[in-house]
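Take a look at the sequence and the 3D model below. Then read on for a short tour of its parts.

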Amino acid sequence: MRKVVAVANQKGGVGKTTTSVNMAACLAGEDCRVLLIDLDPQGNATSGLGIDRHECDRSVYDALVAEESLEDLRIETATKGLELVPSTADLAGAQIELVDHPQREFQLRRALDEFDAEYDFIILDCPPSLGLLTLNALAAANTVLVPIQTEYYALEGLGHLLNTVELIHEHLNPALSLEGILLTMYDGRTNLSEQVADEVNTHFGDLVFETIIPRNVRLGEAPSFGMPITEYAGSSRGARSYRDFAREFLERNGHDRFHDAAS
Ligand SMILES: Nc1ncnc2c1ncn2[C@@H]1O[C@H](COP(=O)(O)OP(=O)(O)OP(=O)(O)O)[C@@H](O)[C@H]1O
Ligand SMILES: [Mg+2]
C-alpha cells in the first residue's frame, strides 16, 4: 500500500526540499519504491536531483492544469528506486490558471487516484506558502511531515499551518493526519538550538521525530552537485542523519521488512 506524504511548512528555507530529496533517496536506499513530486515552482527538488528543469518539456503542471497522466510525466533519477515528477517554471501560473476550476484543490488527488503505479511512498515537496499548490498537496496526502528549522522563530506560523491541516482534515481530506515534526539545521554548539528543540518537544511530544537533522555543510552543498546527500557524501553526518530519519519513519510506519533488510 502506498503512502503519500506532503512535506510542508509555509515558512521559507526550513529544510522542506532538503528533507524531501534526502528522505526520498534514503527510503529508496532501504529498498522502497519512491516517487518524489516537486510541487514548488522554484524547482529546487528537481535541480537537487540533477535534472535540468530547462530541459524538461513537461512537469507536474501538466498533471494539474492539462490533466495529463503522472505516468507520462515521471522520470528516472540517478538514484535507483527513486523517480521524480519535475517542476517547471510554468507551475507558478498554475495557481492562477486553476482559480476558476471547480475542483481546483483536488487536481493532484485526481491525478494520483488515476495513477496506480506501484510505489511504497510518494513524497510531495511543497512551496513556502499555503496557496493552491500546497492545498493540492494536503488534499492528496495521507500525512503531513513538517520540517522545523531549529532557530528562534521556529514556532512562528506553526499554529497557522496546524490549523490549516485541521481545516483540510475537516473539509477536504478526512484521511489527512500529521506524520510528525522533524527538527532540521540543529546546531549543537548553540544553546539556542537546544532551547528550541526542548520547546518543540514540550509542545508536540511524540509527534517530534527523535532523529534531529544537524546543520551540516555537505547537506548544503549536495544540491549544487545535483545529488542527494547519500550520493554526494554518503558518510557525512548529514547523510547519516537522513538515513536514521528514514529508518525511524519506516519503523513508525510498521515497515520492519525494509528496516531488517538494511541493518
Ligand atoms: N541540515 C542542513 N545543513 C546545512 N544546510 C542546510 C540544511 N538543510 C537545508 N540546508 C540549506 O538551507 C537552505 C534552505 O533549505 P531548503 O531549500 O531545504 O528549505 P526549503 O524549506 O525547501 O526552502 P523553500 O521554502 O525556499 O522551499 C538551502 O540552501 C539548503 O541547502
Ligand atoms: Mg523548498
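A residue counts as buried when its relative accessible area is under 20%, with only the protein chains considered. Keep in mind that this is a predicted model.

Is T134 buried or exposed? Its relative accessibility is 2%, so T134 is buried. This residue belongs to helix α6, which covers residues 132-140. Which residues does T134 touch beyond its neighbours within four places in sequence? They are A8, C126, P127 and S129.

L64 is another buried residue, because its relative accessibility is 0%. L64 lies in helix α3, residues 60-64. Beyond neighbours within four places in sequence, L64 has contacts with L39, L91, L98, Q107, L108, R110, L133 and N136. What separates L64 from G48? In sequence, the two are 16 residues apart. In space, their C-alpha atoms are 22 Å apart.

## The sheet

How many strands form the open sheet? There are 7, and their order is β3-β4-β2-β5-β1-β6-β7. The pairing is mixed. At the edges sit β3 (75-76) and β7, each pairing on one side only.

β3 runs antiparallel to strand β4 (residues 82-85), and 2 bridges join them. E76 has E83 of β4 as its bridge partner. Helix α1, residues 16-29, packs on the sheet. It touches β1, β2 (34-38), β4, β5 (121-125), β6 and β7. The direction of α1 makes about 165° with that of β5.

Now move to strand β6, residues 143-149. Why is β6 described as largely enclosed by the rest of the structure? Because 7 of its 7 residues are buried. They point two ways. T143, L145, P147 and Q149 point one way, while V144, V146 and I148 point the other way. Both sets are buried.

β6 pairs with β1 (residues 3-7) in parallel, through 3 bridges. Here V5 has T143 of β6 as its bridge partner. β6 also pairs with strand β7 (residues 177-184), again in the parallel sense, over 7 bridges. In this pairing T143 stands opposite S177 of β7, and L145 has G180 of β7 as its bridge partner.

β7 is an edge strand, yet β7 is mostly covered, with 6 of its 8 residues buried.

## Around ligand 1

How many residues surround ligand 1? There are 18. The closest are K16, T17, T18, P214 and N216.

A backbone N or O atom of G15 is 3.0 Å from a ligand oxygen atom. An N or O atom in the side chain of K16 lies 2.8 Å from an oxygen atom of the ligand.

Technical notes: Residues are numbered from 1 along each chain as its sequence is written. Chains are lettered from A and ligands numbered from 1 in the order in which they are written. This is a predicted model: local features need pLDDT of at least 70, side-chain atom pairs count only at pLDDT 80 or more; totals for chains, interfaces and linings use all residues. Side-chain values use heavy atoms; hydrogens and water are left out. Buried means under 20% relative accessible area, exposed over 50%, partly exposed in between (1.4 Å probe, protein chains only). Helices (H or I, at least four residues) and strands (E, at least two) are DSSP runs, numbered from the N terminus. Two strands pair if DSSP finds at least two bridges between them. Contact means heavy atoms within 4.5 Å. Axes are lines fitted to C-alpha atoms, for helices over the stretch in contact, and angles run from 0 to 180 degrees between N-to-C directions. A residue is near a molecule or strand if one of its heavy atoms lies within 4 Å of it. A polar contact is a pair of N or O atoms within 3.5 Å; within protein, one must be able to donate a hydrogen and the other to accept it, and residues adjacent in sequence count only if both atoms are side-chain atoms.
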